[in-house]
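Hi,

Here's the structure I promised to pass along.

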Amino acid sequence: MFENLSDRLQGVFAKLTGRGKLSEADVDAAMREVRLALLEADVNFAVVKEFVARLRERAIGAEVMKSLTPGQQVVKIVLEELTGLMGGTESRLAFSGRVPNVVMLVGLQGSGKTTAAAKLANLLRKQGRRPMLVACDVYRPAAIDQLETLGRELDIPVYRGEGSDPVAIARASLKAAVADMRDVVIVDTAGRLHVDEAMMDEAARIKTAVKPDQVLMVIDAMTGQDAVTAATAFAERVDFDGVIVSKLDGDARGGAALSVRSVTGKPIKFVGVSEKMDGLEPFHPDRMARRILGMGDVVTLIEKAQETADAEASAQMEDRLRRNEFTLDDFLVQMKQLRKMGSLDEILGMIPGMGANRAALKDAKIDEKALDRTSAIIQSMTAKERVKPALINGQRRERIANGSGATVTDVNRLLKDFVQAKKMIQQMTKQKGRFRGGLPGFGQGM
Ligand SMILES: Nc1nc2c(ncn2[C@@H]2O[C@H](COP(=O)(O)OP(=O)(O)O)[C@@H](O)[C@H]2O)c(=O)[nH]1
Ligand SMILES: [Mg+2]
């Protein structure tokens, strides 16, 4: 996500930070490039204009110009402004004491409502809630089937009610939820290809009938400014509380995600990052800004690792790391774990400093095969060698290479990777210690 924008901005700032002093002309040149990069990412024109003007004003301020590291100061300002542009702080789903709580999803057809409804149910269940899905897209039987299929896959009940009046179905679903002891109901509604009166009117009537605690508008990141225009129309007619930006994976340029807050005044609550049922993430403006600027997003990385790893194993691993006992066996476990966390490309974008090298790394193709080779090499080592890689001299390297069908170069590379990984994981563990408790994290009652 945001790859082009990210590359462009990082290019601009590499030039700035490479310099001792900045003149006003340097700042102006950089701002022109920032402006172009944002426009190319399909950020709303008015938003870009205002954003760049604010940046420029801060960047030519005395604080930056007199500083010994003006380039870095500018980057810091951009990080702050970019975070602010996307809403500043994280915006959580607010739940009330009502049973059931009602979340209603609205948006154009194809924007990703049905998928988001199921993903959201999955996410809320992980947080200990008992969700129920409600199928109110009655015009396309396939839409109800789609929701039912997803519900079955997740083992979450789907209410389809009787008849074909979405308002009546939505209303009846609340009773069904209470009967089934469900504490949150997620209402999936019908969309149209374009904003039209009938769609908005229906959404408004469902809203009046079930009084949702949260109305979320789903917008498709791939459709750029059109998505923002649709959100503006909805905001006027069916007021909503927040936005889910879907399809931020793939080739989305990011303009919708960067503009929607500014244009509609509504915060982004979640982003869809894959078609899969775990592909919905709470939105953190600060972390996203860091990712865009290539500063990495270690916090999300760690959270993802925690979600996928079983808690006990990772606690053990942490303990060993602290005592500096990270072994090649652990390394192998970690590598397999990483694969489970998501696509490598996505993960690499979260590692500080890796963003810029992403293209190069992609070419290197760290794929399943490489993982197989790695495990073969490690399995050809003795238990002692795995715990104490320093033992592995030239002769042993040759033996291991022969035993695993790899070359000595492969073995060397693996050992080098291991040392690097160990360092990196140690750094991450330290970071995590620093953040623990202090961060408005995920799963603390959003
Ligand atoms: N890659 C990707 N695809 C998505 C995402 N969200 C939805 N989709 C796909 O977009 C298409 C339309 O989604 P759907 O939920 O049916 O949209 P609806 O018409 O608004 O209900 C489907 O093929 C989904 O699999 C996402 O976050 N990432
Ligand atoms: Mg749908």
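A polar backbone atom of Lys-113 sits 2.8 Å from an oxygen atom of ligand 1. Keep in mind that this is a predicted model, so treat the distances as computed from that prediction. In total, 17 residues surround the ligand, and the closest include Lys-113 and Asp-249 along with Gly-110, Thr-114 and Thr-115.

Now for the packing. The largest nonpolar core has 80 residues, and Phe-13 and Leu-258 touch the most other members. Helix 5 (residues 70–85) gives this core its largest share, 7 residues. Both domain 1 (3–85) and domain 2 (101–292) put in at least three residues each. As for Phe-13, leaving out residues up to four places away in sequence, its contacts are Val-34, Val-74, Val-75, Val-78 and Leu-293. There is also a second, separate core of 25 residues, with Ala-118, Leu-124, Ala-135 and Leu-216 among them.

One last item: helix 10 (residues 225–237). Its 13 residues span 19 Å from first C-alpha to last, close to the expected 18 Å. Which of its residues are buried? Those are Gln-225, Ala-227, Val-228, Ala-230, Ala-231, Phe-234 and Ala-235. They pack against strand 1 (101–106), helix 9 (197–210), strand 5 (214–220) and helix 11 (255–264).

Cheers

Conventions:
Residues numbered from 1 in each chain as written. Chains lettered and ligands numbered in written order. Predicted model: local features only at pLDDT ≥ 70, side-chain atom pairs only at ≥ 80, totals over all residues. Heavy atoms only, no water. Core = buried A, V, L, I, M, F, W, Y, C linked by side-chain atoms within 4.5 Å. Buried < 20%, exposed > 50% of the residue type's maximum accessible area, 1.4 Å probe, protein only. Helix = DSSP H or I, 4+ residues; strand = E, 2+ residues; numbered from the N terminus. Domains from an automatic or database assignment. Contact = heavy atoms within 4.5 Å. Expected span 1.5 Å × (residues − 1). Near = heavy atom within 4 Å. Polar contact = N/O pair within 3.5 Å; in protein donor to acceptor, adjacent residues only side chain to side chain.
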